[in-house]
Structures are given as structure tokens and as C-alpha cells.
Amino acid sequence: MKTIVANWKMNGDEQLCDNLIFKLKDFDVGQSLIICPPFPLLFKFKNCRFCLGAQNCGIALHGAFTGEVSPQLLRSLGCSYVIIGHSERRRLCDENDDILVKKYEIAIEANLIPIICVGENFQEDYRLALEKQLNSFLKVRNLEKSIIAYEPVRSIGTGIIPDSDKIAKIVSFIKGITSAKILYGGSVDSSNVADILRIDPVDGVLIGGASLRTEEFYSIIQIAKNCC
Ligand code: PGA
């Protein structure tokens with residue numbers, strides 16, 4: 001199965017965790033499924049067979065950073081992945097490329113696999129925007145072992161997704177820059193996930209809203225399992 005990442009953002013509760021764990025109890029999704037709940041819900045997934053990721057991490061292993069969470073602590077809570085540079089954090093928390101590279105480096109030090117989000121804004125040319133965002137990461141360690149999620153900002157939570165040719169073109173463009181795995185993210189749901197996963201250079205999907213509805217998310221996983 002290609003990779004599926006669920007980004008719950010600031011949503012979800014213990015009940016949602018229980019529902020998902022119950023629904024997936026007999027489903028062998030192994031390393032291909034990565035659930036990224038809010039920090040306080042990470043403990044719910046500690047002994048699950050699928051992978052766990054955090055949505056963010058601090059810029060150091062420990063220290064005086066009120067309100068931040070150490071990547072080392074995330075690792076000890078069972079995380080193997082951490083999302084870095086989601087467009088909401090770039091926009092709402094002013095996370096610039098320097099901060100994101102620091103987070104990347106410290107995540108690697110804590111033995112987490114970074115999932116770096118990139119994507120053009122409404123007015124931007126995708127080539128220029130992606131080159132700029134990715135250039136900052138070209139000197140980091142292990143970039144080829146991390147994951148890149150291509151998420152055009154206009155597609156996040158809007159139901160508007162680029163056509164398959166465009167996704168293929170942009171993901172291939174990113175593959176010309178790095179050999180990391182490339183996911184597509186933005187308005188993925190059960191009605192479009194098969195078409196997206198069948199796009200050859202796409203290695204998986206990052207799902208926001210649709211991952212919060214257990215039945216819908218379960219359908220997505222089933223489709224992903226059967227389609228490629
Ligand atoms: P969406 O969000 O699937 O709700 O569009 C994706 C994301 O922001 O990661």
C-alpha cells in the first residue's frame with residue numbers, strides 16, 4: 001500500500017482514537033499508515049500496529065521553550081514521524097525556512113522521520129515556490145529518507161484539487177530535486193483517493209478533514225490497499 005498520513009490538526013478526542021483503533025484492529029496496514037493526532041492524544045496509540053506521528057516539534061531536545069514539545073519526548077511516546085512546515089504553521093505561526101530547517105535537524109537527532117510540507121500559495125508559480133521551500137532543505141542530513149508532502153494551499157480544505165496530469169507534473173518536478181518519497185495532500189477523500197494514488201510518481205497521500213470521519217477514513221484505507 002502507498003503511504004497514508006492522517007493529519008488531525010487541532011481536532012479529535014479520545015473517542016475518535018478509540019473508534020479508529022477498533023475499526024482498524026483486524027486491518028494489516030503496518031508501516032504504510034501514519035496517524036498524527038494532537039499531542040495529548042498520542043498516548044492512546046502507544047501499542048498500535050500502525051505508525052504514529054506528531055504535527056510539530058520544538059527546535060531543541062530540551063530547555064526553556066515554554067509550550068513547546070521536545071522531539072525526544074515525542075519519540076519516547078511512540079512517534080516515528082513528525083510533520084514539519086505545514087502551510088498552517090508557516091502562515092499562522094510565522095514558521096520560516098530557518099526555523100523549519102532547525103526543526104528538521106533536531107527531529108533527525110531524535111530519530112524521527114520528518115514529513116516536510118511544501119506547496120505554492122494562490123498567486124505563486126509552483127516552480128519558484130517549491131524550489132525556494134526545498135532549497136532550504138538541500139543541505140540537511142537524510143533528506144532522501146524523509147517524506148515530502150506536496151500540498152497546494154488552494155486545495156487544503158476546499159474540495160478543489162488539481163487534475164491528475166498537473167499533480168503528476170508537479171510531483172515529478174519535486175522528484176527532480178530530491179529522491180525522498182512524495183505525497184500529495186489537499187482535499188483527499190474516498191471519491192478521489194484512487195485516482196490520486198494511481199498517479200505514478202505519487203507515493204501516498206496526506207489527509208486532513210477526511211481522516212476525522214472514521215467510516216470515511218476506513219474506506220480510504222481500503223481503497224488504498226486495493227488500488228495499487
Ligand atoms: P484537507 O487537509 O485534507 O482537509 O484538505 C490537508 C492538510 O492540510 O494537510
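## Charged pairs and a covered ligand

Lys23 is partly exposed, with a relative accessible area of 26%. Let us start from this residue and walk through the structure, keeping in mind that the model is predicted.

The side chain of Lys23 meets that of Glu215 in a salt bridge, with 3.2 Å from N to O. Lys23 belongs to helix H1 and Glu215 to helix H8, so this pair ties together parts that lie 192 residues apart in sequence. As background, side chains of opposite charge can pair when their charged atoms come close.

Staying in helix H8, which spans residues 214-227, we come to Glu216. Is Glu216 buried or exposed, and what is the nearest side chain of opposite charge? Glu216 is buried yet has no salt bridge. Leaving aside residues up to four places away in sequence, Glu216 touches Asp189, Ser190 and Ala210.

Glu14 is partly exposed, at a relative accessible area of 41%. The side chains of Glu14 and Lys44 form a salt bridge of 3.3 Å, N to O. In total, the count comes to 14 salt bridges.

Glu88 and Lys9 meet through their side chains in a salt bridge, 2.8 Å from N to O. Glu88 is in helix H3 (residues 87-92), while Lys9 is in the loop between strand S1 (3-7) and helix H1 (14-23), so the pair ties together parts 79 residues apart in sequence. At 23% relative accessibility, Glu88 counts as partly exposed.

Now for the ligand itself: which residues come nearest to it? Of the 13 residues around the ligand, these are Lys9, His86, Gly157, Ser187 and Gly209. A polar side-chain atom of Lys9 is 2.6 Å from a ligand oxygen atom, and a polar side-chain atom of His86 is 2.7 Å from an oxygen atom of the ligand. The backbone takes part as well, with a polar backbone atom of Gly208 lying 2.8 Å from a ligand oxygen atom. On its own the ligand has 280 Å² of accessible area, and the protein covers 95% of that.

Note on methods. Residues are numbered from 1 along each chain as its sequence is written. This is a predicted model: local features need pLDDT of at least 70, side-chain atom pairs count only at pLDDT 80 or more; totals for chains, interfaces and linings use all residues. Side-chain values use heavy atoms; hydrogens and water are left out. Helices (H or I, at least four residues) and strands (E, at least two) are DSSP runs, numbered from the N terminus. Buried means under 20% relative accessible area, exposed over 50%, partly exposed in between (1.4 Å probe, protein chains only). Lys and Arg count as positive and Asp and Glu as negative; His and the chain ends are not counted. A salt bridge is a side-chain nitrogen of Lys or Arg within 4 Å of a carboxyl oxygen of Asp or Glu. Contact means heavy atoms within 4.5 Å. A residue is near a molecule or strand if one of its heavy atoms lies within 4 Å of it. A polar contact is a pair of N or O atoms within 3.5 Å; within protein, one must be able to donate a hydrogen and the other to accept it, and residues adjacent in sequence count only if both atoms are side-chain atoms. Accessible areas come from the Shrake-Rupley method with a 1.4 Å probe; for residues, only the protein chains shown count as cover.
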